[in-house]
Amino acid sequence: MSTASSTKPVVLIAEELSPATVDALGPDFEIRHCNGADRSDLLSSITDVDAILVRSATKVDAEAIAAARKLKVVARAGVGLDNVDVSAATKAGVMVVNAPTSNIVTAAELACGLIIATARNIPQANSALKNGEWKRSKYTGVELSEKTLGVVGLGRIGVLVAQRMSAFGMKIVAYDPYVQPARAAQMGVKLLSLDELLEVSDFITVHLPKTPETLGLIGDEALHRVKPSVRIVNAARGGIVDEEALASALKEGRVAGAGLDVFATEPCTDSPLFQFDSVVATPHLGASTGEAQEKAGIAVAKSVRLALAGELVPDAVNVQGGVIAEDVRPGLPLAEKLGRIFTALAGEVAVRLDVEVRGEITQHDVKVLELSTLKGVFEDVVAETVSYVNAPLFAQERGIEVRLTTSSESPEHRNLVTVRGTLAGGDEVSVSGTLAGPKHIQKIVGVGDFDVDLVLTEHMAFLRYGDRPGIVGIIGRILGDAGINIAGMQVARTTEGGEALVALTVDDSIPQPVLAEIAQEIGATSARAVNLVD
């Protein structure tokens, strides 16, 4: 291994991924490969990597995470995370990302295909004909037009299926307790209770996550409520449709047919359901298109790049904050910088930290601004790489009480973020910032009780002293002698002759001896330099 490559973050690709995935990672990483399904190969290969990319064959469990001493991110090129121990990863400060939208079109299309296949017996007729049998009468099917499709779970995939099958002239009803009737009505979908859906549907398609509540949801009781002509499709998760109950219903003529892509135990090559000619079965092909796999690989590659750069990763499953509104995004770097400035001003970790967000931005979920602030607070405190995943853990370990407060009222600024902390001795430190204008220029507008208006730069300093003439000249002279150019300076004071603050931005970092000299000459009660350079 060359010296140059050893300085790059290491990304381990544990399963076959598309070439576009490697292209999306870019040239900034050392790429390694292993056979993730081979346990010994995985455990020996993962020890010094920064990220691992997997599909479904590699189990990234607590043992693997413990063996990976440098691991920062686990990326699953797909939707499900059954093979990743998210809890163990979170405890270790490891981000877990997936590609939640990569296969939604592919999965929806397969469900539609299974609906059509079960209606028209396409696979069975194909198989018979290839075996030399011309059986037109045996494989007479049913039309979809004017039939009722019951969609169980009106999430992203359920909506796509509803939209596509409505084009066949189907009447769409749905069961989903987390969707408002008005939203469903906008899509031309009527919301029903599960019992009502079971009773009126000619076809039922399942699009729910697998949870203790949904496991066996379409079971023996449900299958006694359906029309005997119903056809049931499950391309979501195995176990939501009880396979034993379905087999009994098919055997007793209470269900006319089924289309299954998923099973309670996989791989599944032997099932009582396979004996029924009216069952169309596929081996979990929901995400199996070249387009979906390429989308998944590219999506997680981008997430890995963001994660290893310490940036927010919207597709991280173990990050608080959820979906980030576009109006909130520009506030992330501002909040992070305010966190770093707070730590520099405080000189210690607070016992209580308040992140206060005011103005129009609060109409959105701004929880992520708290995470961004915490990331900044600990950026210059801990030796580890601080991420949106482990920043709250650092606060928890240090017994810091963290609170987020919001208010739509912001008299002087359209949006305002304040980081306010109480130190162990009872002193309070705060810094406020805003985004100005259409270009979202980051500004500091408050330090403690002092109002300022200073554009954020990489190098800044804040000095408190007793208000008197000549101070600005002294600061300028000492910095000039040190060859440090002042980019901007503001003086604020509480009262004439009272406490004053000088906030300044400079082109280069102020060395500690120079800052100490300034503090001594002006009699500063506090002198802090801030360098927002990684």
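Q: How far apart are the closest N and O atoms of Asp 453 and Lys 443?
A: In this predicted model, Asp 453 pairs with Lys 443 in a salt bridge. The two residues belong to distant parts of the chain, Asp 453 in strand E18 (residues 450-455) and Lys 443 in strand E17 (residues 441-447), ten residues apart. The closest N and O atoms of Asp 453 and Lys 443 are separated by 3.3 Å.

Q: Is Asp 453 buried, partly exposed or exposed?
A: Buried means under 20% relative accessible area and exposed means over 50%. Asp 453 has a relative accessible area of 40%, so this residue is partly exposed.

Q: Which residues are linked with Glu 199 in a network of salt bridges?
A: Side chains of opposite charge can pair when their charged atoms come close. Glu 199 and Arg 225 meet in a salt bridge at 3.7 Å, N to O. This pair links distant parts of the chain, with Glu 199 in helix H10 (residues 194-200) and Arg 225 in the loop between helix H11 (220-223) and strand E10 (231-234). The residues linked with Glu 199 in the network are Asp 195, Glu 221 and Arg 225.

Q: What is the relative accessible area of Arg 225?
A: Glu 199, the salt-bridge partner of Arg 225, is partly exposed at 42% relative accessibility. Arg 225 is also partly exposed, and its relative accessible area is 32%.

Q: Where is His 440, a residue with a positive phi, found?
A: Most residues other than glycine have a negative phi. His 440 is not a glycine, yet its phi is positive, about 55°. His 440 is partly exposed at 40% relative accessibility, and its place is in the loop between strand E16 (428-436) and E17.

Q: Is Asn 121 buried or exposed?
A: Asn 121 has a positive phi, near 55°, and lies in the loop between helix H6 (104-120) and helix H7 (122-130). Its relative accessible area is 12%, so Asn 121 is buried.

Q: What is the omega of the peptide bond from Glu 266 to Pro 267?
A: Most peptide bonds are trans. Pro 267 is in the loop between strand E11 (257-260) and strand E12 (279-281). The bond from Glu 266 to Pro 267 is cis, with omega near 0°.

Methods: Residues numbered from 1 in each chain as written. Predicted model: local features only at pLDDT ≥ 70, side-chain atom pairs only at ≥ 80, totals over all residues. Heavy atoms only, no water. Salt bridge = Lys/Arg side-chain N within 4 Å of Asp/Glu carboxyl O. Helix = DSSP H or I, 4+ residues; strand = E, 2+ residues; numbered from the N terminus. Buried < 20%, exposed > 50% of the residue type's maximum accessible area, 1.4 Å probe, protein only.
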